[in-house]
Amino acid sequence: MNYYLDVLKKYATFSGRARRQEYWMFFLCQMAVVIVLAILDAVIGAGSLIVGLYALGTLVPTLALTVRRLHDLGKSGAWYFIAFVPLIGGIWLLVLTATAGQPQPNQYGPDPKALAA
């Protein structure tokens, strides 16, 4: 839960680096919240209004986290746009986010694993 809250605290921080663990733990919490909200939507008959509002509210932190995750790989945040390439783009972004980051400092900052240890 700390990973989820830490990402929300860094709401629009696009600089720096994010570990793989931070990214995937946030993703896991995000999916759990979406499932709960989807069930709530179905129970109260709101269509997908609550899920849509939640997705809109967490769009910027999710985008910022993805950019920081790409920075951990030594790649520019502009690599996010690879997701818009039909068929292969989303898969390639998934592979990038699942790849281990650079163990040494890079142009985006020091290794977040070394800082956590």
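**Figure 1. Surface of the protein.** About 7100 Å² of accessible surface is computed for the protein, and 73% of that surface belongs to carbon and sulfur atoms. The model shown is predicted. Of its 117 residues, 29% count as buried. The C-alpha trace spans about 50 × 35 × 20 Å along the principal axes.

Figure 2. The protein has 6 helices and 0 strands. Read along the sequence, the pattern is α-α-α-α-α-α. Contacts between residues at least 6 apart in sequence were examined, and 67% of these join residues at least 24 apart.

**Figure 3. Packing of helices α4 and α5.** Two packed helices are described by the angle between their axes and the distance between the axes. Helix α4 covers residues 59–72, and helix α5 covers residues 89–98. The angle between this pair is about 65°, and the axes lie 9 Å apart. The crossing in which α4 passes α5 is left-handed.

**Figure 4. Residues where α4 meets α5.** Which residues of α4 meet Leu93, Leu96 and Thr97 in α5? On the α4 side they are Thr66, Arg69 and Leu70. Sorted by class, the contact of α4 with α5 holds 3 nonpolar, 2 polar and 1 charged residues.

Key: Residues are numbered from 1 along each chain as its sequence is written. This is a predicted model: local features need pLDDT of at least 70, side-chain atom pairs count only at pLDDT 80 or more; totals for chains, interfaces and linings use all residues. Side-chain values use heavy atoms; hydrogens and water are left out. Axes are lines fitted to C-alpha atoms, for helices over the stretch in contact, and angles run from 0 to 180 degrees between N-to-C directions. Helices (H or I, at least four residues) and strands (E, at least two) are DSSP runs, numbered from the N terminus. A crossing is left-handed if the near helix is turned anticlockwise from the far one by less than a right angle, and right-handed if clockwise. Contact means heavy atoms within 4.5 Å. Ala, Val, Leu, Ile, Met, Phe, Trp, Tyr, Cys and Pro count as nonpolar, Asp, Glu, Lys and Arg as charged, and the others, Gly among them, as polar. Buried means under 20% relative accessible area, exposed over 50%, partly exposed in between (1.4 Å probe, protein chains only). Accessible areas come from the Shrake-Rupley method with a 1.4 Å probe; for residues, only the protein chains shown count as cover.
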